[in-house]
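Thanks for making time this morning. I would like to walk you through one model, beginning with a single chain and then turning to the interface and the confidence scores.

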Amino acid sequence: MSVMEPAPAAVSQSGHDYFATLARWKIWEILFWAALAGCYFVPEMDRMLMSRVIIWGLFAMSLDILLGYRGIPSLGHAVFFGTGAYVAGFCGKYGWSEPISALFFAMAVAAALGWLTGKLVQRVAGVGLLMVTLGLNLILFDFVLRSTDLTGGDDGLQGIVIAPVLNMFRFDIYGRTAFWYALVVSFILFIATRILVNSPFGLALIGARENPRRMITLGAPVEGDVSRAFMIAAAIAGAAGALLTQTTQTVAPPTLSFQRSADVLVILIIGGAGRLYGGFIGAIVFILLQDYLSSISPVYWYFWIGLLLVVIVSFFRKGLLPSLDALLQRFIKRKPDAPS
Amino acid sequence: MASILTVLFNGVAYGFLLFVMSVGLSVTLGMMNFVNLAQASFSMLGGYILVTAMQSHGLPFLVCLPIVFVLVGAVSVIVERLIFRHFYKTDDLTQVLLTIGLVFMSIAMATYFWGGSYQRFDMPSWIIGQKEIFGLTLETYRIFLVGFGAVMAVALIFGLERTQLGAMVRACVDNRRVAGACGLNTELIFAFTFAIGGGLAGLGGALSANLLGLDPNFPLRYLVYILIVVSVGGMGTITGTLIAALTLGIADVLGKYYFPQFGSFIIYLLTVAFMLWRPHGLLGRGA
C-alpha cells in the first residue's frame, strides 16, 4: 500500500496551508482530463468504448476510496455497481425516464446499501472481511438471477426507456451523448471525491489505514468512518452502474457478478491504489486491452489478463502510476547531481 | 424417511469431496498465512490428468488416483518454489490477486489443451450402479467417496497428531519463527506440506470430476466453496475443515433438494452470518 507521507516542507506548515497545497490542481491533472475530453474529437474513435472506459474508471475510483485510502479490500464491490445499474434500469422501465434525477436516486439507494454493509463489516478484518464481502456479492447475484419476475433473470431488464439528457441530447447509437454524459458526471464526481480525500476526513481515513489504534487514541471515530467510507464509495459505484445502464439502455446480471468485482479490483491494482487517478489509468489499460485481446482471440484472452495481473503484482507491486511516479522522482533527484 | 437419509448420505459424500479439495489450503494458510486461490486450479488439473490417463491411456481408475496425487503434488511444489515463496511477506490482497491471476491463466490453458466442453468419463463397471445398505438404496460411487474421504481424514488427523513430521508441521503452524529457531527447516517442511496439500486438491478434483462435471470453469465454480470451507472451519485446523466441509456439503445438498428455488442462497447467507459472528472460523485462533 502506498503511503502518502506529507512532504517535509508541509510538516512545518499550518494545517490550513497543508490542505490548500493538497487542493491545488497540478498541470498533469488538467492535461489528463483535457486529453480524455479530446478523445471525442479523434476520428475513428469508438465513443461507446471510451464511455465504457470512463465508467469503469469511475467505478475503480470508488473502490479506491475504500482500498487506497482506508485500506479495506472488498471482493464484493460490484454489489453497489449492480444496485445502481438495476435501480436506474427500474426507473427507466417504470416511467421515470429523466436520467439525471434517476442517477441521483440510484446513488442514494446504493449509498444506503453501502452504509449498511459498512456497519456490518466494520469489525471484521483480513480473510474474514474478504469472505463477507464476497458472500454478500454472491447473495445479491443469486437473488437477482433467481427473481425472474422482478429482474428478468438471465435476460436482464427489458424495455428501459431513457429520456434525452436535459431534454436536449438524445442517447444515439454513435455514443455522442453517452460519451459526454459519462464524462461530465464522472468529472463532477471526481472533483467531489478529490475534495473529500484532501479534507480532514480523507486524512483521517489514511490515518486509520496506517495505524487504527493510534487513531483511536487520538479520538478519531475509526469504526464510524468505515461505514461512512463505504457509503461514499457505494454511492459513486452506484453512479457508475447507473451511467452504464443509461448509456446502453440495458442491464443484466453480469453487472453484479463476482467477476465484475474481481475485474474492478484488477483495474485499480493495475493503475495503482491511493491516487484517485489509478482507477482511470487502470481502466484505460484494462478495457482497451480487453477489447483488443478478445477481438483477436475470444477464448484465450483471459490468459493474458491473468498474466498481466501476475506481472503487475510481481514487478510493479504498487501499480503502474506509483511505479512510474517513483521512477520520475528518481530521475528528478538524480538530475542536480549530474555534471553540468 | 429413507429419502431424507439418502439425501443426507449424498451430502456427506459431497462434504468429503470438499474436505479433500480444501484441507491443503487450510493447513498452508495456517502455516504461512498464504491465501492460495489457485488451490481450485490444482483440483481442476487433477481432474484433467484423470481424464487423460483413463480415456487416452486406458489405465484403470484405481491406478490413476495415485498418479494424480503424485503429479499434481509435483506441479504444486514447483509453482510454490518458483512463484509463491516470493509472496509470503506480502499482504492478503496481493496474494489474492496473484493467485486469481494464475486461476485465469489456468482456465485459458485448460481450454487450450482439453477444449472448452465438459469431459466424458467411462467409469469402471464395479463403481457404477446402486447398492442396498441398511434398507437404503445408495449409489456405489458415493459409498466409495465416503469411505475414501473418511480414510483420508483419519489418516491426516492421525498423521498430524502422532507422527514426527506432523509434530513439525504443527510447530510451524503454531509459530514459524520459533520453530525455525529450534532448528527446523521450515522452508522444507512448508514445501512438503504444500506438495501434499496440492496432491490432495488434485485428488479431490479427480474424484469430483465424475460427480460435479469437469470443464475449464471448474476453478471459478468451486473456488467459493473451498474458501467457505477454509474460512468457516478456521485456518490451520484439519478437524475444523472436516466439520465445515461436511456441514457445507450436507446443507448444500439438503438446500438444493428441498428448496431448489433458493439455490445456493441459504449457504451464502449462513456463511456471511457465521463469518460476522466468528471472523476467525470455527476452530481458528485469532490472528
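Of the 340 residues of chain A in this predicted model, 45% count as buried, where buried requires 20 or more other C-beta atoms, placed from the backbone, within 10 Å of the residue's own. Chain A has 16 helices and 0 strands, both being DSSP runs numbered from the N terminus, with helices (H or I) of at least four residues and strands (E) of at least two. Its radius of gyration is 20 Å, close to the 20 Å from the globule rule for 340 residues, so chain A is as compact as a globular protein of that length; the radius is taken over C-alpha atoms, and the rule is 2.2 Å times the number of residues to the power 0.38.

As for the interface, 34 residues of chain B are in contact with 31 residues of chain A, contact meaning C-beta atoms, placed from the backbone, within 7 Å. Helix 4 of chain B gives the largest share of chain B's side, 16 residues.

On confidence, the model scores ipTM 0.80 and pTM 0.83, and chain B averages a pLDDT of 85, with 98% of the residues at 70 or above; pLDDT is the predictor's confidence in each residue, from 0 to 100.

Residues are numbered from 1 along each chain as its sequence is written, while chains are lettered from A and ligands numbered from 1 in the order in which they are written. Because this is a predicted model, local features need pLDDT of at least 70 and side-chain atom pairs count only at pLDDT 80 or more, whereas totals for chains, interfaces and linings use all residues.

How values were computed:
Two residues are in contact if their C-beta atoms, placed from the backbone, lie within 7 Å. A residue is buried if 20 or more other C-beta atoms lie within 10 Å of its own, exposed if 12 or fewer, and partly exposed in between; C-beta atoms are placed from the backbone.
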